[in-house]
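Welcome! Please take a look at the sequence and the 3D structure below, and then we will walk through some of the details together.

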Amino acid sequence: MDIEEDIRSLQLDSADPKQDVEAEPKAVEAEPKVKDKEVPSVQDEEDEPEMTKRHLNVVFIGHVDAGKSTTGGQILFLSGQVDERTIQKYEKEAKDKSRESWYMAYIMDTNEEERVKGKTVEVGRAHFETETTRFTILDAPGHKSYVPNMISGASQADIGVLVISARKGEFETGYERGGQTREHVQLAKTLGVSKLLVVVNKMDEPTVQWSKERYDEIESKMVPFLKQSGYNVKKDVLFLPISGLMGANMKTRVDKSVCPWWNGPCLFEALDAIEVPLRDPNGPFRMPIIDKFKDMGTVVMGKVESGSVREGDSLLVMPNKDPVKVVAIFIDEDRVKRAGPGENLRIRLSGVEEEDILSGFVLSSVANPIPAVTEFVAQLVILELLDNAIFTAGYKAVLHIHSVVEECEIVELLQQIDTKTKKPMKKKVLFVKNGAVVVCRVQVNNSICIEKFSDFPQLGRFTLRTEGKTVAVGKVTGL
């Protein structure tokens, strides 16, 4: 007996240092007894405290150069995710490119293209924690040629931080027709970003100098527009002034000597206080796949929209109905045994090849799989058609719904909804103009996975875009 135990402890010891690499599976086969007794208990203990903090995805949106990446970078720095040395390195890099004020943005914009141009292209990801919440920051691009990337960022977000530049002229360009601030707000609302923090940035700027007039002017212009986009300004929107570059009013409230009139919360307090929609951990499992790669098997990435997943679960990859088994689950870099709704996961699967998965596919429960359709009925709001386009049967556009991007065609307009009474009009509709609300049938070439908006709002809202502009937003009403 002693010898066995010795061997066992030796095996355990040898399995320790390179646990991650290869030793783990071997150790498991060697001593099922010990594995059952010891390791899970440790795992569970580690699991518990993590689960007590709620997890939120925050998307930073706003016009190009409003300071989204800088604000995001500053948050990471203030919450201790980036150390001084890294910052000094970035500062030097930015100086070399004679772009001194960009060094904070480098924390979020990691690739060379983004740094040279000073524009965010991809949706940057980073994590930080406050007292009560774990956050994932999605730093979405503000530039208009990258709106599709912004859509994929916002569709994973629970709350939005709309960054607005208070600098003279910058707020105006972002806000006027053709500015990104308008489009982003409308998109954010449709994509399900239900709570918005409107952060008025660059308050330290020489043209602003923490002026209350400027701040109030921006707020008074934004409020009617936010209302028009469907936000309940009293309940779901909060305005606050900050300086992303200086880090003022972010982790601690701004000093009265700097800004005597501000009595509200600072950014961290505001983020902590946000109430978020509850998701159902016991619902049918749904995880739209955003990305996939090979790493000791097939790994898929995405955000759980409903239900929970555990190691060893059997799931389906829809719409192809490929049966798969969950081999391992990762949150950020940590391997976990189980994960609930709202988490961003990487899941290693067995039973499916990486090339058989496309982004837009959905990992779903076997008992209650997500419907796969090529046609659906939807209610649309027409935002802004291109100059001479008419919205009618035969209209073609690109459909963005959760992580799906597909070409689609409007097959038939069923009825127009009167915007005042919210009731369908009697008249038969053949075409509609900007601002109209219409129920229509939409057809796509390949089968896609969607749900009715009433069942799963996150999987049932979409945008239609043509030639790089968002023309309509809508929700799925029938499959």
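## A loop residue with a positive phi

Met296 sits in the loop between β7 (286–294) and β8 (298–303). Helices (H or I, at least four residues) and strands (E, at least two) are DSSP runs, numbered from the N terminus. Phi of Met296 is near 50°, a positive value in a residue other than glycine. Most residues other than glycine have a negative phi, and most peptide bonds are trans. Is Met296 buried or exposed? Met296 is exposed, with a relative accessible area of 64%; here buried means under 20% relative accessible area, exposed over 50%, and partly exposed in between (1.4 Å probe, protein chains only).

Before we go on, a word on the model: it is predicted, so local features need pLDDT of at least 70 and side-chain atom pairs count only at pLDDT 80 or more, while totals for chains, interfaces and linings use all residues. Residues are numbered from 1 along each chain as its sequence is written, and side-chain values use heavy atoms, with hydrogens and water left out.

## A buried counterpart and a cis bond

Asn249 also has a positive phi, of about 60°, although it is not a glycine. You will find Asn249 in the loop between β6 (237–241) and α13 (267–273). Asn249 is buried, with a relative accessible area of 1%.

Now look at the peptide bond from Met318 to Pro319: it is cis, with omega near 5°. Pro319 belongs to the loop between β10 (314–318) and β11.

## Pro323 and its contacts

Pro323 lies in strand β11 (residues 322–331). At 57% relative accessibility, Pro323 counts as exposed. Which residues does Pro323 touch, not counting residues up to four places away in sequence? They are Leu315, Leu316, Ser350 and Gly351, where contact means heavy atoms within 4.5 Å. The C-alpha atoms of Pro323 and Leu349 are separated by 9.8 Å, and these residues are 26 residues apart along the chain.

## The two sides of helix α6

Helix α6 (residues 84–96) has 13 residues. From its first C-alpha to its last, α6 reaches 18 Å, close to the 18 Å expected at 1.5 Å a residue; the expected span is 1.5 Å times one less than the number of residues.

In α6, Ile87, Tyr90 and Ala94 are buried. They cover an arc of only 60° around the axis, which puts them on the same side of α6; the arc is that of the directions from the helix axis to the C-beta atoms. On the other side of α6, Arg85, Lys92 and Asp96 are exposed.

## Salt bridges

Side chains of opposite charge can pair when their charged atoms come close. A salt bridge is a side-chain nitrogen of Lys or Arg within 4 Å of a carboxyl oxygen of Asp or Glu, and by this rule the count comes to 23. In one of them, Glu305 pairs with Lys303, the closest N and O atoms being 4.0 Å apart; both Glu305 and Lys303 are buried.

Another salt bridge joins the side chains of Arg346 and Glu333 (3.9 Å, N to O). Arg346 lies in strand β14 (residues 344–350) and Glu333 in the loop between β11 and β12 (334–336), so the pair ties together parts that are 13 residues apart in sequence. Arg346 is partly exposed at 21% relative accessibility, and Glu333 is exposed at 63%. Elsewhere, salt bridges that share partners join Arg167, Glu170, Lys202 and Glu205 into one network. Within it, the closest N and O atoms of Arg167 and Glu170 are 3.3 Å apart.
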